[in-house]
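Colleague: Could you walk me through a model, one feature at a time? I would like to hear the general idea before each case.

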Amino acid sequence: MAIIMLVKELWKVFHFVFSIQFWRMALLWTFSVLFSHYQLFKAFLFSQKLVSYPRCSPCTTPYRPVCVITGATSGLGLATAYKLSKEGYVVVIVGRSQQLLLETIRKIKDWNEDAHLKAFQVDLSSVESIVKFKTSLRQWLLDSDLHCSVQILINNAGILATSPRVTAEGYDQIIGTNYIGAFALTKLLLPLLESSPVSSKVVNVTSFTHRAVTDMQVDGGTVSGRSFLSSKQYPYAQIYEYSKLCLLLFSFELHRQLRLMGKSHQIFVTAADPGVVQTNIMREVPASLSYLAFSVLKRLGLLQSPECGINAIIDAALAPPGTSGAYFFGGKGRTINPSALSRNASIALKLWETTCNLLSVTPFGVERNTC
């Protein structure tokens with residue numbers, strides 16, 4: 001039995017190593033994160049001042065501030081939830097597994113017995129589940145002694161699936177979770193963000209991998225991921241990059257839309273790139289390969305623990321008003337430039353409209369008659 005399992009593992013490793021997607025991850029992703037660090041190094045080397053922002057404590061109000069974090073049962077989400085509970089936020093933990101949610105609450109309570117936590121079981125790849133969560137969250141706020149509003153929304157949930165899977169709405173699961181789910185959740189929670197007695201923030205956790213995308217097609221088939229599902233070999237690395245670029249384009253377009261509506265002084269939208277962090281997102285990659293990758297990245301000084309990797313996320317969440325449109329990376333409140341493609345306003349608007357059209361025939365469309 002052990003020999004059979006070893007043979008299966010070796011075959012899986014062989015299959016991965018000789019795939020285009022593996023080398024895309026090994027080469028393009030490494031180059032992408034090095035380029036992000038190069039921006040930090042160049043500023044240090046030539047004494048150039050990067051735009052950076054200090055962390056601010058929650059504004060004093062009669063009510064405790066509320067922070068919603070998706071993908072909060074492990075890795076970056078768990079570390080972020082704990083950190084913000086220490087800052088005095090009521091942390092709403094969102095995850096797929098009820099068991100993991102209960103374990104997460106227990107862990108954070110062990111670390112911080114004064115933490116105020118609330119857990120909701122939500123599948124971020126399901127639009128119907130997201131719509132139900134919005135209703136449940138609002139009702140919980142109304143029934144509590146909290147203000148019926150949200151001060152911070154952190155879209156952290158993300159997956160890297162190495163085989164094709166389809167959501168209930170027919171979307172590719174990577175795109176459905178990493179981008180479409182975050183889009184739908186943010187749009188549905190905008191009224192709660194707008195009703196905050198102090199300025200509120202949306203923090204989208206993106207990735208340096210967005211730099212690997214050099215050309216972008218925006219249509220229903222691509223944005224839903226259906227066009228990728230018909231590929232002979234599932235292009236999981238490309239889909240992950242595309243989903244993170246979509247999330248970044250959405251961040252900047254939401255900032256523009258809020259500015260046009262005169263609400264950019266109330267809701268700030270930022271992106272946070274944690275860099276390379278040792279989490280379980282690579283769990284579908286053969287264990288020997290992920291171990292080798294993490295070992296190399298550690299020797300290069302690029303690998304971080306979740307406790308260190310959250311610095312950019314916390315910087316974005318606690319940044320002062322007026323930081324909308326910033327791309328946080330490297331901790332210490334520092335921001336860098338994302339790819340030029342992510343700043344393309346016409347592509348961002350087309351992506352916005354295409355995503356709205358896709359969602360119009362889902363429970364999201366029933367919940368919101370306009371997008």
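Colleague: Let me start with a single side chain: is R106 buried, exposed or partly exposed?

Modeller: Keep in mind as we go that this is a predicted model. Burial is read from relative accessible area, where under 20% is buried, over 50% is exposed and anything in between is partly exposed. R106 has a relative accessibility of 46%, so R106 counts as partly exposed.

Colleague: And which residue does R106 meet in a salt bridge?

Modeller: The general idea is a side-chain nitrogen of Lys or Arg within 4 Å of a carboxyl oxygen of Asp or Glu. Here R106 pairs with D110, at 3.6 Å from N to O. Both residues belong to helix α4, residues 98-111, and they sit four residues apart, about one turn of the helix. D110 is exposed, with a relative accessible area of 56%.

Colleague: How many salt bridges does the rule give?

Modeller: The count comes to six salt bridges. Another of them joins K132 to E128, with the closest N and O atoms 3.5 Å apart. These two are also about one helical turn from each other, because they lie four residues apart in helix α5, residues 127-143. K132 counts as exposed at 52% relative accessibility, while E128 is partly exposed at 42%.

Colleague: What about the salt bridge of E241: which residue is its partner?

Modeller: The partner is R24, and the closest N and O atoms are 2.8 Å apart. E241 is in helix α9 and R24 in helix α2, so this pair ties together parts that are 217 residues apart in sequence. As for their setting, E241 and R24 are both buried.

Colleague: Let's stay with α9. At what angle do α6 and α9 pack?

Modeller: For helix pairs, read the angle together with the distance between the axes. Helix α6, residues 173-194, packs on α9 at about 20 degrees, and the axes are 7 Å apart. That makes the two helices roughly parallel, since angles under 35 degrees fall in that class. On the α6 side the contacts include I174, Y179, F183 and L190, and on the α9 side they include Y236, Y240, C246, F250 and L254.

Colleague: And how do α9 and α13 lie relative to each other?

Modeller: They are roughly perpendicular. The axes of α9, residues 236-260, and α13, residues 345-359, come within 9 Å and cross at roughly 95 degrees. Among the α9 residues in this contact are C246, F250 and L254, which meet a set in α13 that includes I347, L351 and W352.

Technical notes. Residues numbered from 1 in each chain as written. Predicted model: local features only at pLDDT ≥ 70, side-chain atom pairs only at ≥ 80, totals over all residues. Heavy atoms only, no water. Axes fitted to C-alpha atoms, helices over the stretch in contact; angles between N-to-C directions. Parallel < 35°, antiparallel > 145°, perpendicular 65-115°, else oblique. Contact = heavy atoms within 4.5 Å. Buried < 20%, exposed > 50% of the residue type's maximum accessible area, 1.4 Å probe, protein only.
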